[in-house]
Amino acid sequence: MGKFCKLCFIVCCCMLLFGCSNRQKPLHLVTKISVTDEKGVTRDFTQPQKMETILYYLRGLDTLGRPKTDPERIMGESYRICLEFSDGGQSIYRQRANRFLSKDSHPWQMVDPKKASVLRPLLEALR
């Protein structure tokens with residue numbers, strides 16, 4: 001399939017998904033993603049393909065309930081993932097020890113360690 005055909009397909013899908021709805025709220029589009037690790041190293045992503053990869057990663061993390069232990073006391077990798085939106089808003093995810101996730105300062109939730117451990121290699125691949 002050529003680039004033009006792919007683009008037409010994407011435009012048609014967007015029109016079907018967003019053009020015919022009666023949304024009251026404006027659509028939030030992610031314009032930038034910043035990921036900061038436990039060492040304070042920040043990586044910024046603005047290219048759509050790279051941002052899409054990180055967004056798919058976040059969507060794939062199913063929460064498994066509240067932890068019985070305090071994630072702040074557990075040693076391990078930690079990340080702060082900040083999504084910046086076209087309307088100026090932002091959403092912040094915190095991941096800790098490849099087992100815990102918090103969104104926008106809500107209580108920590110447990111996540112599958114196998115899925116969460118993909119973040120470091122994913123970030124390395126996106127360099």
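Predicted model: local features only at pLDDT ≥ 70, side-chain atom pairs only at ≥ 80, totals over all residues.
Residues are numbered from 1 along each chain as its sequence is written, and side-chain values use heavy atoms, with hydrogens and water left out.

A quick word on terms. Helices (H or I, at least four residues) and strands (E, at least two) are DSSP runs, numbered from the N terminus. Two strands count as paired if DSSP finds at least two bridges between them. And how do strands of a sheet pair? Through backbone hydrogen bonds, either parallel or antiparallel.

Now the overall layout. The chain has four helices and six strands. Reading from the N terminus, the elements go α-β-β-α-β-β-β-β-α-α.

In what order do the six strands sit in the sheet? The order is β2-β1-β3-β4-β5-β6, in an open sheet with antiparallel pairing. At the edges you find β2 (42–45) and β6 (109–110), each pairing on one side only. Helix α2, residues 48–59, packs on this sheet and touches β1 (30–37), β2, β3 (78–85) and β4. The direction of α2 makes about 70° with that of β1. For that angle, axes are lines fitted to C-alpha atoms, for helices over the stretch in contact, and angles run from 0 to 180 degrees between N-to-C directions. Contact here means heavy atoms within 4.5 Å.

Let's walk along the pairings. Seven bridges join β1 to β3, and these strands run antiparallel; as an example to find on screen, D37 has Y79 in β3 as its bridge partner. Seven bridges also join β3 to β4, again antiparallel, and there I81 stands opposite Y93 in β4.

Is β3 enclosed or open to the outside? Six of its eight residues are buried, so β3 is largely enclosed by the rest of the structure. Buried means under 20% relative accessible area, exposed means over 50%, and partly exposed is in between (1.4 Å probe, protein chains only). Across the chain, buried residues make up 30% of the 127 residues. The accessible surface comes to about 9,000 Å², and 58% of that belongs to carbon and sulfur atoms. Those areas come from the Shrake-Rupley method with a 1.4 Å probe, and for residues only the protein chains shown count as cover.

Next, the turns. The hairpin of β3 and β4 has four residues between the strands, and G88 there takes a positive phi near 95°. Which residues other than glycine do something like this? N98 has a positive phi near 55°; N98 sits in the loop between β4 and β5 and is buried, at 18% relative accessible area. S105 has a positive phi of about 65° although it is not a glycine. You'll find S105 in the loop between β5 and β6, and this residue is exposed, at 68%.

Finally, the charged pairs. How many salt bridges does the structure hold? Seven, where a salt bridge is a side-chain nitrogen of Lys or Arg within 4 Å of a carboxyl oxygen of Asp or Glu.

One of them joins K32 and D44, at 4.0 Å from N to O. K32 is in strand β1 and D44 in strand β2, 12 residues apart. Both are partly exposed: K32 has a relative accessible area of 25%, and D44 has 46%.

Another joins R120 and E38, at 3.5 Å from N to O. R120 belongs to helix α4 (residues 119–125), while E38 is in the loop between β1 and β2, 82 residues apart. E38, E77 and R120 are linked in a network of salt bridges.

My last pair is E124 and R43, at 3.1 Å from N to O. E124 lies in helix α4 and R43 in strand β2, so this pair ties together parts that are 81 residues apart in sequence. E124 is partly exposed, at 34% relative accessible area, whereas R43 counts as buried, at 17%.
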